[in-house]
Amino acid sequence: MAKLSQLEKYYGKFHEENRLGTRHGRVEFEVSMSKILEFIEQIRENRENHQIRILDVGAGTGRYSVALSHKGFDVTAVELTKHNFEILRAKHEKVKCWQGDAQNLHFLENRTFDLTLVFGPMYHLHTQKERLCALNEAERVTKSGGFILVAYVMNDYAILTYCFREKHILESLKNGTISEDFHALTTKENDLFSYVRLEDVENLDAKTNLKRFGAFAPDGAADYFRKELNALSEEEFEQFVRYQKTICERKELLGASSHIVDVLRVK
């Protein structure tokens, strides 16, 4: 309950809808949407004249759910926090809304969805057991051959921004919240967010029955230089978005992104 209260308090003040409307948020949204539509086309190749069903777990205020619904897909959204859920439901869109936890989707039937998004929950799950539970639930409700897209916040983004840019490195080393090899050591009791490295994601995937299809960085370096993005003309900014779409799967850049999206396929 304490963790949920923290989440409610955070999302009661933090406006996710506004974040995805900023320039760095637009990069994340536009790149993610382009990849989502790409995977949907792959699903359609094997399911002709089939109504694509999408599940958005950790839907927030519905930025992706609503956009995908407007494109004609059958969308179901699940959101944990009451604040975000009420904003989503108040939009009165053609999105089926449930308030629920990514680790327990008991209200959804097995093998229902063609594509499942898990774009928020892993940010707040700290243990491998919790993360595996969320992945197993996503697998259970996703059809064979369907895709599961899972977002994570990256460890080195946190180290570079919080520890060095905001000058918390010495206190973090002293109080043991980062390891000697600069891995953020978060706990569900003390921290709202958790951070991972690529090897953490790969190790987690290896414990599932899912096939790893790849990964992409929806925002890349956008979060590191927000001011510079804001200073670009709209035409210049459009080229940055195009740039990120072009390089979003470059393996040598993934770990330095603020987020990655892990792409899994149900066998």
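**Salt bridges, strand pairing and surface features**

Arginine 250 is partly exposed in the predicted model, with a relative accessible area of 41%. Residues are classed as buried under 20% relative accessible area, as exposed over 50%, and as partly exposed in between (1.4 Å probe, protein chains only). The accessible areas come from the Shrake-Rupley method with a 1.4 Å probe, and for residues only the protein chains shown count as cover. Residues are numbered from 1 along each chain as its sequence is written, and side-chain values use heavy atoms, with hydrogens and water left out. As the model is predicted, local features need pLDDT of at least 70 and side-chain atom pairs count only at pLDDT 80 or more, whereas totals for chains, interfaces and linings use all residues.

The side chain of arginine 250 meets that of glutamate 252 in a salt bridge of 2.6 Å, N to O. A salt bridge is defined as a side-chain nitrogen of Lys or Arg within 4 Å of a carboxyl oxygen of Asp or Glu. Glutamate 252 is exposed, at a relative accessible area of 55%. Arginine 26 and glutamate 234 form a salt bridge through their side chains (2.8 Å, N to O). This pair links distant parts of the chain, 208 residues apart: arginine 26 belongs to helix H3 (residues 23-46) and glutamate 234 to helix H11 (residues 234-247). Helices (H or I, at least four residues) and strands (E, at least two) are DSSP runs, numbered from the N terminus. Arginine 26 is partly exposed, at 23% relative accessible area, and glutamate 234 is likewise partly exposed, at 35%. A further salt bridge, of 2.9 Å (N to O), is made by the side chains of aspartate 205 and arginine 212. Aspartate 205 is buried at a relative accessible area of 6%, whereas arginine 212 is partly exposed at 32%. In total, the structure holds 17 salt bridges.

Strand S5 (residues 142-153) is mostly covered, with ten of its twelve residues buried. Strand S4 (residues 113-118) runs parallel to S5 and is joined to it by five bridges; strands are taken to pair if DSSP finds at least two bridges between them. Within this pairing, leucine 117 stands opposite leucine 149 of S5. Together with helix H6 (residues 128-141), S4 and S5 make a right-handed β-α-β unit. The crossover is called right-handed if, with the strands pointing away from the viewer, the path from the first strand over the helix to the second runs clockwise. S5 also pairs with strand S7 (residues 259-265), in the antiparallel sense and over seven bridges. Alanine 151 stands opposite valine 261 in S7. In a regular strand the side chains alternate between the two faces of the sheet.

A nonpolar patch on the surface is formed by Leu160, Phe164, Leu170, Leu173 and Phe182, which together have about 470 Å² of accessible area. Patches are made of residues with over 30% relative accessible area and no salt bridge; like charges are joined within 9 Å, and nonpolar side chains (Val, Leu, Ile, Met, Phe, Trp, Tyr) within 5 Å. Helices H7 (155-165) and H8 (169-175) each supply at least two residues of the patch. Leucine 173 is placed in H8 and is partly exposed, with a relative accessible area of 31%. Isoleucine 159 also lies in H7 but is buried, at 5% relative accessibility. Its C-alpha is 16 Å from that of threonine 187, a residue 28 positions away in sequence.

Phenylalanine 182 lies in the loop between H8 and H9 and is partly exposed, with a relative accessible area of 34%. Although phenylalanine 182 is not a glycine, its phi is positive, at about 65°. Most residues other than glycine have a negative phi. Arginine 111, in the loop between strand S3 (95-99) and S4, is not a glycine either and has a positive phi of about 50°. Arginine 111 counts as partly exposed, at 40% relative accessibility.

Histidine 183 is located in the loop between H8 and helix H9 (198-205). Histidine 183 counts as buried because its relative accessibility is 17%. The side chains of histidine 183 and aspartate 200 are joined by a polar contact of 2.9 Å. A polar contact is a pair of N or O atoms within 3.5 Å; within protein, one must be able to donate a hydrogen and the other to accept it, and residues adjacent in sequence count only if both atoms are side-chain atoms.
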